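This briefing covers a few local features of one structure, grouped by topic. Please keep the sequence and the model open while reading.

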Amino acid sequence: MTIGTIIKTERLRKNMKQETLAKEICSISHLSRIENGKIDPSKELLRKLSERLGVPIVDDESKNVEIEHLQERLETIINLRDQKGAAQLMEELNMLLLKVPVEVALRIDLELMLIRAQSVLHKQEENILQALAKFTETDLTPIQAFRVQQIKGMASYGVGELKVCLDCFSEALNLMGILPLSNFERADFYYVLSIALMADGQKFEALEKAKEALNFFQSIMVGRRVVECYLVSGVAYKQIGQMDRALETFQLAEKVSRQFDLQTFLGVIYQNIGAVYSAINHTDLAISHFLQAITCKKQPEQQVYSMLSLLNEHAKLGNRKDIRHWLEEGYRILPKLSAPMRKRFETQFDVYQALYEENDERIEVSLLTAVRYFQKRKDKNQTKHYSKRLAEFYASKRKYKKAVEYYRQIVE
């Protein structure tokens with residue numbers, strides 16, 4: 001790419017006319033000859049044009065950015081979920097983009113690396129989507145387009161836009177067929193795709209992609225990514241009814257977590273093991289694992305899931321003392337949660353509060369509220385769960401017409 005082409009590309013990206021760029025710097029005709037590759041600008045003229053465009057511009061011979069080394073660092077940061085390393089890399093990339101002149105294609109590569117590093121940090125999805133918007137009207141190479149779609153899909157999932165996420169991942173999947181992607185990029189994409197597929201109820205497809213990612217991460221012995229793939233696979237096995245496989249997979253996740261000293265995973269692993277035991281009606285084992293999960297979890301946002309699970313198990317056994325205890329613990333922790341999460345769990349705790357009080361009117365209202373809440377949020381699993389409980393409640397009160405209505409919703 002000639003230096004004139006770079007100048008023209010940057011000008012067009014900023015919707016800037018030739019006369020605007022050339023004003024008080026050079027004549028329009030002189031700028032036109034530069035952009036058409038007929039002459040090269042002097043160093044002083046190039047400096048002035050760069051300043052007006054707001055980007056440093058040089059030809060290919062001047063770039064000295066070690067892009068492969070930066071990419072390797074980014075892969076390590078992603079694999080380790082290294083937030084400190086991500087922040088440091090972002091700072092370095094920002095400095096490069098500000099101080100080191102690079103041509104347009106390389107600039108886009110660096111900007112995408114910067115945004116992907118940002119995705120390692122928590123609660124950055126809105127900023128990421130905003131940063132990606134600039135590439136909508138930009139000519140990208142196929143691999144740049146793939147990376148944009150993957151990052152956009154991940155961020156969209158993070159803000160609850162599952163359909164947008166799946167659309168982006170579908171486009172990225174199409175691009176994969178024509179790209180010589182590294183094994184890391186393929187495995188990394190398959191992992192995030194498996195999570196989105198699980199959220200969409202595509203359990204078998206999610207399991208397939210998680211296994212493909214797992215094979216690569218096992219081959220390079222990245223414990224954290226192996227555990228993540230085991231967790232997705234275990235949940236998929238559980239949801240398709242293969243409880244023995246699910247339990248075996250979660251136990252493998254626990255083993256790898258201990259081998260690599262990944263203590264932060266133990267809470268979610270015990271939670272999932274407890275959920276398997278709950279599904280096969282081993283209530284005592286489920287309760288013991290949910291208690292282990294709470295002990296391992298440090299944040300209220302993590303602990304509240306186990307509290308709800310304990311409420312469910314004690315409700316099965318009719319342990320009123322324990323139900324009351326975990327209701328008190330649950331309501332105590334609610335103010336520490338974010339507003340959306342607080343509303344979600346308050347809706348569910350209210351069901352158990354009504355059941356504890358044995359107040360039929362309140363039970364009906366709380367179950368109806370839960371069904372409508374999860375319907376609105378398009379949460380299929382929870383909508384089915386509370387629809388089933390509501391149908392069972394109506395059947396127990398001999399309100400068969402209403403019971404049939406909610407049983408039908410479960411089937412549909």
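**Briefing: loops, helix packing and contacts**

E358 sits in the loop that joins helix 19 to helix 20 (360-376). The model is predicted.

**Loop residues with positive phi**

- E358 is a residue other than glycine, yet its phi is positive, near 55°.
- The relative accessibility of E358 is 59%, and the cut-off for exposed is over 50%, so E358 counts as exposed.
- M221 also belongs to a loop, the one between helix 12 (203-219) and helix 13 (223-239).
- For M221, which is not glycine, phi is positive and near 55°.
- M221 counts as exposed because its relative accessibility is 62%.

**Packing of helix 17 with helix 19**

- Two packed helices are described by the angle between their axes and by the distance between those axes.
- Helix 17 covers residues 300-317 and helix 19 covers residues 339-357; their axes come within 11 Å and cross at roughly 15°.
- Angles under 35 degrees count as roughly parallel, and helix 17 and helix 19 are therefore roughly parallel to each other.
- The crossing of these two helices is left-handed.
- On the helix 17 side, the contact is made by E301, V304, Y305, L308, L311, N312 and A315.
- On the helix 19 side, the contact is made by M341, F345, Q348, F349 and Y352.
- By residue class, the contact of helix 17 with helix 19 holds 9 nonpolar, 2 polar and 1 charged.

**Helix 10**

- Helix 10 (residues 162-176) contains 15 residues.
- From the first C-alpha to the last, helix 10 reaches 21 Å, close to the 21 Å expected at 1.5 Å a residue.
- The buried residues in helix 10 are C165, L166, C168, F169, A172, L175 and M176.
- An α-helix has 3.6 residues a turn, so residues three or four places apart point the same way.
- The buried residues of helix 10 pack against helix 9 (142-158) and helix 11 (183-199).

**R147 in helix 9**

- R147 is part of helix 9.
- Setting aside neighbours within four places in sequence, R147 is in contact with Q71, D109, L112 and E185.
- R147 and L93 are 54 residues apart along the chain, and their C-alpha atoms are separated by 17 Å.

Methods
Residues numbered from 1 in each chain as written. Predicted model: local features only at pLDDT ≥ 70, side-chain atom pairs only at ≥ 80, totals over all residues. Heavy atoms only, no water. Axes fitted to C-alpha atoms, helices over the stretch in contact; angles between N-to-C directions. Helix = DSSP H or I, 4+ residues; strand = E, 2+ residues; numbered from the N terminus. Parallel < 35°, antiparallel > 145°, perpendicular 65-115°, else oblique. Left-handed = near helix turned anticlockwise from the far one by under 90°. Contact = heavy atoms within 4.5 Å. Nonpolar A, V, L, I, M, F, W, Y, C, P; charged D, E, K, R; others polar. Expected span 1.5 Å × (residues − 1). Buried < 20%, exposed > 50% of the residue type's maximum accessible area, 1.4 Å probe, protein only.
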